[in-house]
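The following questions and answers examine how the parts of one protein chain are arranged and packed.

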Amino acid sequence: EVEITWWHAMGGALGDTVNQIAEDFNASQDDYKITPVFKGTYEETLTAGIAAFRAGEQPNVLQVFDAGAATVIGAKGATVPVQDLLEQNGVAFDIEDYISGVRYFYADSDGKMIGMPFNSSSPIMYYNVDALEKAGVTPPKTWEEFKTVTAPALKEAGYIGLSQSHLPWIFTENFHSRHDLPFATNDNGYQGADGTKILVNNDAIKAHFSAVKDWKDNGFFEWYGTGWSDNQTPFEEGKVAIWLGSSGSFGGLSKKDLPFEFSATFLPYWEAVTKEPRQTFIGGAALFAMAGKSDEENKATAAFFEFLTKPETQYMWHRETGYVPITTAAYEMAKGDGHYDRAPAAEVGIKQLSLPAGENTKGYRMGFYVQIRDVMNREYGRILTGETSVEDAFKAIEDEANGLLERFAKTQG
Ligand SMILES: O=P(O)(O)OC[C@H](O)CO
């Protein structure tokens, strides 16, 4: 039996489902055994993976999140492109099996799939059905509606209107996609690292953050920190009526037996910015086969990836977690099984990813982006606590991000 390891960042209920997938794979055959190891947050898992690679102690499979994609794809020699791995080991592979938003997200500039798509998500709007009913409002379609109708009514009914769990992901990266605004030059960075500059310092997002700060000041919004659960917990406790989070939190929330009914729908948009709101793009992570492993172990990894792409495995993962079905076959299987008749909100993520595309809606490819997010989190925190102005914060983000992008471009030769 060939043994392989899988480092991942899936905690709580998600981790239970990861363990279940590994158990199912191990039980499905006698040749290979995979051991999943939880390494902490996405950032911690990536850092641990890089350090381990340098020490020659890397796992066979490393989960890397969207923000680390450019860095890991650009780290030539650190991974075996998944497309090569599968083909070399006789596993049939067709990129067209994947839904369009997933197909090239972890591919290189030639369209070759480098990372194995695994947990793809979208940020969606969760809401407390009881709270909205009590306030006499429906889920807001636009931020204008939130500001003038929803939030004041919720406040009157005793609720904080809104919290969200990831300012860079939801209020920055997907903000640009939802409003079809360019996020970086060079086609959002996809044309290559050379000369790529971030376009985050723009009027639409500055107006958004000014509004968010106003909402915080008058009790329509609260920011509890950068931790995912810092902002999710007050929603679960019924303090906050609307929470923006990952579709990948749907399964965990459903299993929690909350003291109120919850549902979910699309992210609001600013009508003043666009009359045609667009799709969001995938978040979450992919699985990378680390280089430097024996042929035997690589074969085991390929067998595991083959198991992962089976519609049954995909559907099970989607159903249990809320991450979107990443292959058309899995989506069809979920529909055929009546999953969305039983839980309509479970389809919101994939539906939002399937809204009309625009010029700027397929995501971004920026190196050292994990560090860029740190800069954003620092400055956004300072905006919300009143330590800096929106104007100065975005100037600082633009300057520091462009410095990081320039440094990354130099590593790409
Ligand atoms: O919580 P996830 O897995 O949906 O990921 C959210 C973001 O994409 C992380 O960068």
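Q: How far apart do the C-alpha centres of domain 1 and domain 2 lie?
A: This is a predicted model, in which local features need pLDDT of at least 70 and side-chain atom pairs count only at pLDDT 80 or more, while totals for chains, interfaces and linings use all residues. Residues are numbered from 1 along each chain as its sequence is written. Domain 1 covers 2-121 + 282-336 and domain 2 covers 123-280 + 361-411, with bounds that come from an automatic or database domain assignment. The separation of their C-alpha centres is 27 Å.

Q: Which element gives the largest share of the side of domain 1 that touches domain 2?
A: Domain 1 brings 22 residues to the contact and domain 2 brings 21, where contact requires C-beta atoms, placed from the backbone, within 7 Å. Elements that give two or more residues on the domain 1 side include helix 2 (42-54), strand 5 (116-121) and strand 10 (283-290); helices (H or I, at least four residues) and strands (E, at least two) are DSSP runs numbered from the N terminus. The largest share, four residues, comes from helix 3.

Q: How many charged residues does the side of domain 1 that touches domain 2 have?
A: Ala, Val, Leu, Ile, Met, Phe, Trp, Tyr, Cys and Pro count as nonpolar, Asp, Glu, Lys and Arg as charged, and the others, Gly among them, as polar. By these classes, that side of domain 1 holds nine nonpolar and 11 polar residues, and the number of charged residues is two.

Q: What is the relative orientation of helix 1 and helix 14?
A: Helix 1 (residues 12-28) packs against helix 14 (residues 311-321) at about 160 degrees, with axes 10 Å apart. Axes are lines fitted to C-alpha atoms, for helices over the stretch in contact, and angles run from 0 to 180 degrees between N-to-C directions. Angles under 35 degrees count as roughly parallel, over 145 as roughly antiparallel, 65 to 115 as roughly perpendicular and the rest as oblique. The angle therefore makes helix 1, relative to helix 14, roughly antiparallel.

Q: Which residues of helix 14 make the contact with helix 1?
A: The crossing of these two helices is right-handed, that is, the near helix is turned clockwise from the far one by less than a right angle, anticlockwise being left-handed. Helix 1 contributes L14, T17 and I21, and helix 14 contributes T313, W317, E320 and T321.

Q: Which residues of helix 15 meet helix 14?
A: Helix 14 and helix 15 (residues 328-336) pack at about 60 degrees, with axes 8 Å apart. The residues of this contact divide into six nonpolar, two polar and one charged. P311, Q314, Y315, H318 and R319 in helix 14 meet, in helix 15, A329, A330, M333 and A334.

Q: Which strands stand at the edges of the open sheet?
A: Four strands form this mixed sheet in the order 7-8-6-9, two strands being paired if DSSP finds at least two bridges between them. Each edge strand has a single partner, so one side of each is left without a neighbour in the sheet; these are strand 7 (160-164) and strand 9 (262-265).

Q: What is the bridge partner of P123 in strand 8?
A: Strand 6 (residues 123-128) and strand 8 (residues 240-246) run antiparallel and are joined by five bridges. Within strand 8, the partner of P123 is S246.

Q: How are helix 8 and helix 18 oriented to each other?
A: Helix 8 (residues 167-178) and helix 18 (residues 369-384) pack at about 95 degrees, with axes 10 Å apart. Their orientation is therefore roughly perpendicular.

Definitions and conventions: Two residues are in contact if their C-beta atoms, placed from the backbone, lie within 7 Å.
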